[in-house]
Amino acid sequence: MALFCDVALAVPLDLVFTYAIPPGMEPVVGGRVLVPFRQQRLSGIAIELHDRPPRVNTAQVKIKKVIEALDLSPVLDEQLLKLGKWIADYYLAPIGEVFRTMLPLSAEFKRSIAYRITDEGRLALHLAGMSGSPARSKRTPEQQLVEFRVLDYLAERESVQEERLRGATRVAKALLSGMVRKKWIAREDVSAARDAARLVKVAVLLAAEERAEAAPPLDGRGARPHTNPAKPTAKKLNESQQALIEALAASGGRAPVEALRSLDVPRTTLGTLVRRGLIDIVDEPQNFTASKLKPRQSPFEFEFSTAQKEALAKIGEAVASRKFGGLLLHGITGSGKTAVYLACMHEVLEQGRASILLVPEIGLTPAVAADLHQVFGDEVAILHSGLSNAERAQQWHRIRRGEARVVAGTRSAVFAPVSDLALVIVDEEQDSSYKQEETPRYHARDVAVMRAKMAGAAVVLGSATPSLESYYNAKKNKYALVELPDRVEMRPLPEVEIVDMRQEFQETGQEQVISRKLAEEIRERLDKKEQVMVLLNRRGYSPVVLCRACGKTLQCKNCAVSMTHHKRERKMECHYCGHVAHIPDKCAHCGSEYVYFVGTGSEKLEELLHGMFPQARIGRLDRDTVRGREDFEHALNALNEGALDMLVGTQMIAKGHDIHGVTLVGVVGADMALGLPDFRAAERTFQLLTQVAGRAGRGQSPGKVVLQTYFQDHYAVQFAARHDFVGFYDKELQFRAWMHYPPYSAIANVLIRSEKLDEALTWSGELGRWFEKTRHEGIRVLGPAAAAITRLKRDYRYHFILKSPSREKMNTLLRAMLAEAAARKIPRTQVIVDVDAVWLM
Ligand code: ADP
Ligand code: ZN
Ligand code: ZN
C-alpha cells in the first residue's frame, strides 16, 4: 500500500501536489481523488502513488490527507495520461488544467459550501439575547438583525449549505463573509461526488397480451374490485389516456417520461395508466437523443471514384499496419471526402476497432450527423457544443464502456476514451477552431497526430485548403499526400469572376455594397429558380459608429474596439467581450449630434437584398440568428428543401454543407482580414474564399462565384479565383521563409495582461529586460509591444513573439521565463503563453 499520492489539480500552478493516503483508502493512478486545497475541496487526478515523504521546509506544515478516492478504476488510461503530460509539456500548461479539459465529468462533481456556528457565534447570540445588541458593532441595525437570524438558524443545525442558508435568512454574501472573519461562523467546503450513472424514467407501453392480463381499472373510489381480472380495458380509456398511449406506441412503445410531459394531457393521466397496468415506468441510463433530422440518402449509394478508392486503400493499409501513419487528404471542395471518411470508419468498426472523427466548431452539419447515425446507428457518439455537461458525461461513459466505438465531435473529442484506437480523422484540418483559446491552448489537430502516434493508429488530415504547416509536412514526407483532384461525377468547379470595388466606386460615384454585376447575376438565378448564397464575414448592422464632429468612434468600455450596431435588437454590442450598450443619439466625446453609422454587416446586407429583391425569400445565418444547433439545422434545411431562395451570412455559410440547388455564390466582404497585422491573414482569406466558392455548383447545374474585393491584385484573391491551392502555397511559403514564420519556425505568443495599465507595463518591461539579458541563441524575441487589440475584456495587453528554429530551445526559454515571472510574483493567470499561436492579435 502506497503512503502518498501525487495529485494534479486544476489550478493555475505548474505543480503537482502530494497528499497522504489514509489507511484503507485505495486511490488509483489515472483516477479522481477529492482533496483539500487551501480552503476548498477539489477533485484532481492521481498521477502517482509512492512512499516518498514530501520535502517540507517547515516542520509545522502537516501533509494533508486525501478525502475520498472517487474512482475504482482509472478515468484516464495510461495513454491518455501520457497524452496529457505531453500537452502540459508542449503547450506549457498546468497539468491539472490539461486533465480537466480532457475529462468532461464536471457534472459528476457538485461544488458546495456549508456553514456552521462556532463557539464565538453562540456566545454572540447569547449576549445579544441578554443585551439586545452587541457592543461596538459597525453594522446597521438591519444588518445586525440579519446576522442574528443567521446565528439563530445555524444554532439549531449541524451544518447548512450556502443556498439553503441564504434562502432561509436572506443574508447577503458580503455579510456572511464578515461573520466568517469575526469567527462567529465557519465556512466549509463540502463538495462531493455525485452519482455518475444518471438514470431517467422511461415509460414503456406493455404488450397487448400483458395489457389484457393487467389489472382492471379502479372503481370510482380508488379501490380495485376483485372481480373478473381479464376484463378488457381498452374501452374504458378516456381521450387523454388514449392520446398518451397512441403517442407512446408511435414512438416505438417507449419514451422518456419527460418527453410525454409535452403532450396536451393532464399530468395525472400517466399515473392512472400505470396503476391500470397498461404502462410500466422503468429507470434507464439516459439515452442520447439523436438528431431529429432525416438522412437525405444513403451515404454509400454511389460508386466510389477511382481517386476515392485509392484514398480508401491507402488509409486501409495504414490502419492495418497497426503502426502510426499520417496521411494528408487534399481533396477539392465537392470531391467526396466525407464519403471516404465514413467508409474507412465503417471498415474500422467492422474490425471491432475504434475511430474518432474531428470536425470544426460549425462543421458538424445536420447532414453529417444524420449520415453518421445512418451508417453507425447506436455505435456512434456525437459530441458537439450543444450538449449539457450531464449529456457530455453520459456520452463519455458510453464511449468508455465500449458501447460507442465511433466518435465524432469538435475539438475535445480528440480525448474520447476509446480503447483500441485505429483511426483519427481531422476534417478541415486548417480550421482555427481546433485551437483552444484558453488554457490549455492546445491544437486538436496536433494532439490528434500525437495521440495516433501513441496508439499506433493512422491519422488522416483532410482539407480542400490544407494549412501551410500540414502541406509542408506532406511535401517533406512526414505525411503521405493523397489527392482527390476532381469533384464527384466530374462536376466542374465554379467559374469565379472578380469585381474590383474601387473601380465600381469610380464608375458609379458611390460606395456600393452590392455591385451591379452581382445584382445582375442574382436576378438571373432568381428568375431561373436557382439558389444564391451571399457571404459577408461580419455580423451586425453597422460595425462602426462615427462622430462627424470630432472623428471619434464609439468604443467598448472594456476593449479597444468599436461597438457594432445591431438594428433589429436595438443595441450596440462589442463582438469581443459581449458588452451591450444603448444606441447613442449623440457623441460620447463631444456631445455632437452628428453621429453616423458606418459600414455594413450581415444584418444590413440582408435588409439591402430584401429591398433589391422583394420577391425573394431570404434567410440569414450568423451568430445572431443561430443561437443553437437547431437554428443552424433549420436554416440549412430550409435552403435544402427550397423554402429559401437566398442565404446571407458570415463564414458560417461557407463551410462543409452540401446543398445542391446553389448555383451562385456572392462574396461581398471576405477580404477585410487582409488589412490586419497578422501573418496568417492571407492564408485565412484564401481558405475562406475557396471554401465559400466551393458551395456553388454542387448539383446538376454548374456554379458561379462573384467575388467583390478591394484587394483585387492580392495573391490570396487571385489564386483563390483560379482554384489554385499549390500556387498559393508556393507563394505564401516564400513569405513565411523570409519572415521566419511557421512552418519554418516554431512560434509562441507571450501575452502580459492586467486590468491595471501600470502593472501590464511594469511586468512586460521586467520580462523584456529578462529576455534581453538571458542567452537565447537562435531564438528571435520581438517585443514587448502593445498587442494589436491593446485592451480586451478590461485587460491592457502587451506581448512578445518568439520565433525559433528549435522547438525544444523555445520551450526551455519559455519555461525559464515562467519561473522568472513566478519569482517576480506576476500571477500565472496574467502571463499567457500561447505555443503555435493561431492569432497574434
Ligand atoms: P467534400 O467533403 O469533399 O466537399 P462531400 O463528401 O460533401 O464533398 O461530397 C459531395 C457530394 O457528393 C455529397 O452529396 C456526396 O454524397 C456525394 N458523393 C460522394 N462521393 C460520390 C461518388 N463517388 N459519386 C457520386 N456522388 C458522390
Ligand atoms: Zn464627437
Ligand atoms: Zn468589449
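**Conventions.** I worked on a predicted model, in which local features need pLDDT of at least 70 and side-chain atom pairs count only at pLDDT 80 or more, while totals for chains, interfaces and linings use all residues. Residues are numbered from 1 along each chain as its sequence is written, chains are lettered from A and ligands numbered from 1 in the order in which they are written, and side-chain values use heavy atoms, with hydrogens and water left out.

**Zinc ion, ligand 2.** I looked up the protein donors (N, O and S atoms within 2.8 Å of the metal, or 3.2 Å for Na, K and Ca; water is not among the atoms, so sites may look incomplete) and found Cys547, Cys550, Cys587 and Cys590, each through SG, at 2.3 to 2.4 Å. The four donor atoms subtend angles of 106 to 115°, which makes the arrangement tetrahedral, a label given to four donors if all angles lie between 85 and 135 degrees. I then checked accessibility, where buried means under 20% relative accessible area, exposed over 50% and partly exposed in between (1.4 Å probe, protein chains only): cysteine 550 is partly exposed at 33%, whereas cysteine 587 is buried at 8%.

**Zinc ion, ligand 3.** Here the coordinating atoms are the SG atoms of Cys556, Cys559, Cys574 and Cys577, at 2.2 to 2.4 Å, and their angles of 101 to 115° make this arrangement tetrahedral. The spacing of the donors is C-x2-C-x14-C-x2-C. Cysteine 559 belongs to the loop between strand 23 and strand 24, and cysteine 577 to the loop between strand 25 (571-573) and strand 26, so the pair joins parts that are 18 residues apart in sequence. Cysteine 559 is buried, with 2% relative accessibility, while cysteine 577 is partly exposed, with 27%.

**Ligand 1.** A polar backbone atom of glutamate 303 is 2.9 Å from a nitrogen atom of the ligand, and a polar side-chain atom of glutamine 308 lies 2.7 Å from a nitrogen atom of the ligand. For aspartate 658, I noted a polar side-chain atom 2.4 Å from an oxygen atom of the ligand.

**Nonpolar cores.** A core here is a set of buried Ala, Val, Leu, Ile, Met, Phe, Trp, Tyr and Cys residues joined through side-chain atoms within 4.5 Å. The largest has 119 residues, and Leu802, Leu814 and Met817 have the most contacts inside it. A second, separate core of 36 residues includes Leu312, Val319, Ala369 and Phe376. Using contact in the sense of heavy atoms within 4.5 Å, I found that methionine 817, with residues up to four places away in sequence not counted, touches Val750, Leu767, Trp770, Phe771, Val831 and Val833.

**Threonine 169.** I placed this residue in helix 5 (residues 162-169), where threonine 169 is buried at 1% relative accessible area. A polar atom of its side chain lies 2.7 Å from the backbone oxygen of leucine 165.

**Backbone details.** I recorded a cis peptide bond from threonine 439 to proline 440, with omega near -10°, and another cis bond from proline 742 to proline 743, with omega near 10°. Proline 440 lies in the loop between strand 18 (421-427) and helix 15 (444-455). Glutamate 428, placed in the loop between strand 18 and helix 15, has a positive phi of about 50° although it is not a glycine, and is buried at 9%.

Technical notes
Four donors count as tetrahedral if all angles lie between 85 and 135 degrees; four count as square planar and six as octahedral if opposite donors are over 155 degrees apart and all others between 65 and 115; anything else is irregular. A polar contact is a pair of N or O atoms within 3.5 Å; within protein, one must be able to donate a hydrogen and the other to accept it, and residues adjacent in sequence count only if both atoms are side-chain atoms. Helices (H or I, at least four residues) and strands (E, at least two) are DSSP runs, numbered from the N terminus.
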